[in-house]
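Hi everyone, thanks for coming. Let's look at one protein chain together and take it step by step.

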Amino acid sequence: MAIAAVMLITAETEADARGRNGYTDANDVKRIEVEAGGGFIRGNRYMDNPSKIGMLLFLEVRNNFPGTPFDISLQGSLGSFSRKNSEVRVNFNGGMAFFADYNWRFSRKVAPFLGLGAGFYCVETASLEAAEDGNMVMNRLPETVFVINPRFGLELFEHLRITLEYRWMKNPYSFLGLNVGFAFGGGRK
């Protein structure tokens, strides 16, 4: 209900913004765009062990629906973070997620968006452990996990995108991310 109310309220504001800026249709956008970017991630606290700041890289192919505020996309990403109080590292060795976004295209300068994604990640937990002979060995635990990914962001000047997201997975792997990407293609027709 809250999302529907926000959409109705902003629809009128969007129409007013189009009239002031001289656009006939703010949603008259090019269909395909490709976004490349990266950002910082911070994992959940797990077993009283907070995470250090990690990195994420991604490539996203987006299909805008001209004449509507909606788009869908497919994103591939990889990254990692480590834990502060141990030698544990969480590696995202590849993942794919499907997204659907709603865009408020008020002007060519600023366009907020809200989206939801779902997909899978190949995750590996790596840690240094002492072997029976006293040497240190790398213990790796690979796993494939399901991810739900809500996100909110701003598209600036029709190409620069700043996104705040939360990737919800099994507790040791979930993280909050702040990403910056550049979209090639897209923009107004």
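So, how many strands close into a barrel, and in which order? Eight strands do, in the order 1-2-3-4-5-6-7-8, with antiparallel pairing. Keep in mind that this is a predicted model. On average, neighbouring strands of this sheet are turned by 25° against each other, direction ignored.

Let's zoom in on one pair. Strand 2, residues 53-64, runs antiparallel to strand 3, residues 70-82, and ten bridges join them. For example, Glu60 has Gln75 in strand 3 as its bridge partner.

Now for the charges. Side chains of opposite charge can pair when their charged atoms come close. Here the count is 13 salt bridges. One of them joins Asp101 and Arg151, whose closest N and O atoms are 2.7 Å apart. Asp101 sits in strand 4 and Arg151 in strand 6, so this pair ties together parts that are 50 residues apart in sequence.

Are these two residues buried or exposed? Asp101 is buried, because its relative accessible area is 2%, under the 20% cut-off. Arg151 counts as buried too, at 4%. Both belong to a salt-bridge network that also includes Glu60 and Arg62.

For contrast, take Asp48 and Arg45: they meet in a salt bridge at 3.4 Å, N to O, and both residues are exposed.

Finally, the surface. A nonpolar patch of about 680 Å² includes Leu160, Leu176 and Phe184. Strand 8 gives the largest share of the patch, five residues. Leu176 lies in strand 8 and is partly exposed, with a relative accessible area of 43%.

Methods. Residues numbered from 1 in each chain as written. Predicted model: local features only at pLDDT ≥ 70, side-chain atom pairs only at ≥ 80, totals over all residues. Heavy atoms only, no water. Pairing = 2+ DSSP bridges. Helix = DSSP H or I, 4+ residues; strand = E, 2+ residues; numbered from the N terminus. Axes fitted to C-alpha atoms, helices over the stretch in contact; angles between N-to-C directions. Patch = residues over 30% accessible without salt bridge, like charges linked within 9 Å, V, L, I, M, F, W, Y side chains within 5 Å. Areas by Shrake-Rupley, 256 points an atom, 1.4 Å probe, with all protein chains shown as cover. Salt bridge = Lys/Arg side-chain N within 4 Å of Asp/Glu carboxyl O. Buried < 20%, exposed > 50% of the residue type's maximum accessible area, 1.4 Å probe, protein only.
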